[in-house]
Amino acid sequence: MADLGTYTKPLAYLGLITLASTALTFTRQATNFLRPSTLVKTYNPTHTNWALVTGATDGIGFGFAQELCARGFNVILHGRNAEKLQRRQRELQAEFPKAKLGIVVRDAQNITGDIDGVDGEVRAIIGAGALTVLINNVGGETRPSTLLKEYTFEEVQATVARNATFTIQICRVLAGLLEENAPGLVLNVSSVAAFGLPYISAYSATKGFVDSFTRSLRAEFGAEGKAVEVMGLRVAEVKTAGYDIKSNLFVPEARVLAGASLNRVGCGEEIVWAYFWHWLQGLSFDILPRWLMLKFAGMKLKAIRADMAAKAKSS
Ligand SMILES: NC(=O)c1ccc[n+]([C@@H]2O[C@H](COP(=O)([O-])OP(=O)(O)OC[C@H]3O[C@@H](n4cnc5c(N)ncnc54)[C@H](OP(=O)(O)O)[C@@H]3O)[C@@H](O)[C@H]2O)c1
């Protein structure tokens, strides 16, 4: 009969290797938060370059615009409401008098071939300057905490367009300009929802699309030898106009999240948690079994759904 050690020893080594590789992965992820950002050094060394932020009239997008101006960038704000864009432009100008600002108006939910005109509009705004950064931030749920069968045809289309189609189309239109102005950077705002969560299935799917697009576009620029870096930002709860909850350590204000995102530039990851405390929370997705995570997430999203239903009933 074989000695018990014949089996336990290889198992013990396997356990040790698994433990060491897990510890290595977590340490490598944790160092992402210690590395200094290369954003300004690489993409705005002369403090004259431009960045374009989609969905920049509110929430994280406006936070990006503020943080980019604070780092010496000139910024083009994209949104769907010309009046609100002009108001936000005035606010930014008052806060950052030296920054040059421009606006681009397009409704991300009603995209037509007219989006091709964005290239010309951006070139006219920047003149002899260089667009080196594109932040694909526009997005969000069109019907939070809703069963898929409760969506209308238009709501599904709007969710996909706002989160996924607009991102890929504006990248297509501006890719040539970013290559001309290389080194360039594309930051795609994703979400913890990309793990695949219940009650937000359409939105979850679009963020999975965004992650996959990030990886493939990054690989494509790399394969063509173009110095355009593409990076995905994984985001959990943030207090914004679109998600108006109380902020705390795990729920940062929009500008804090935007600043943290810019600080991750240069870490070398394809997709990275933007904010340290979100990363800590996100570790549970790696450690806990998926069924358990889904149980917690499902309970939370179900509670939000019940709360929304109660509010709708009383209003
Ligand atoms: N907040 C969170 O907890 C959270 C969590 C994970 C990921 N995210 C992601 O972070 C990004 C920003 O979210 P947020 O919470 O900051 O959103 P938000 O506060 O709702 O702001 C969204 C921005 O996008 C613009 N926008 C919305 N629909 C548009 C359309 N059809 N065409 C053009 N612009 C449009 C809004 O413009 P208007 O001012 O005209 O509405 C606003 O400027 C999204 O990609 C979202 O999925 C957010």
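How many nonpolar, polar and charged residues does the shell around the ligand have? Here are my notes.

1. The shell has eleven nonpolar, 14 polar and eight charged residues. Ala, Val, Leu, Ile, Met, Phe, Trp, Tyr, Cys and Pro count as nonpolar, Asp, Glu, Lys and Arg as charged, and the others, Gly among them, as polar.

2. A word on the basis: this is a predicted model, where local features need pLDDT of at least 70, side-chain atom pairs count only at pLDDT 80 or more, and totals for chains, interfaces and linings use all residues. Residues are numbered from 1 along each chain as its sequence is written, and side-chain values use heavy atoms, leaving out hydrogens and water.

3. In total, 33 residues surround the ligand, each with a heavy atom within 4 Å of it. The closest are Thr57, Lys84, Asn137, Tyr203 and Thr240.

4. Now the polar contacts (pairs of N or O atoms within 3.5 Å). A ligand nitrogen atom sits 2.8 Å from a side-chain N or O atom of Asp107. For Gln109, a polar side-chain atom is 3.2 Å from a nitrogen atom of the ligand, and for Arg162 the distance from a side-chain N or O atom to a ligand nitrogen is 3.4 Å. Of the 900 Å² of accessible area that the ligand has on its own, the protein covers 91% (Shrake-Rupley method, 1.4 Å probe).

5. Leu294 counts as partly exposed because its relative accessibility is 27%, between the limits of under 20% for buried and over 50% for exposed (1.4 Å probe, protein chains only).

Conventions:
Polar contact = N/O pair within 3.5 Å; in protein donor to acceptor, adjacent residues only side chain to side chain.
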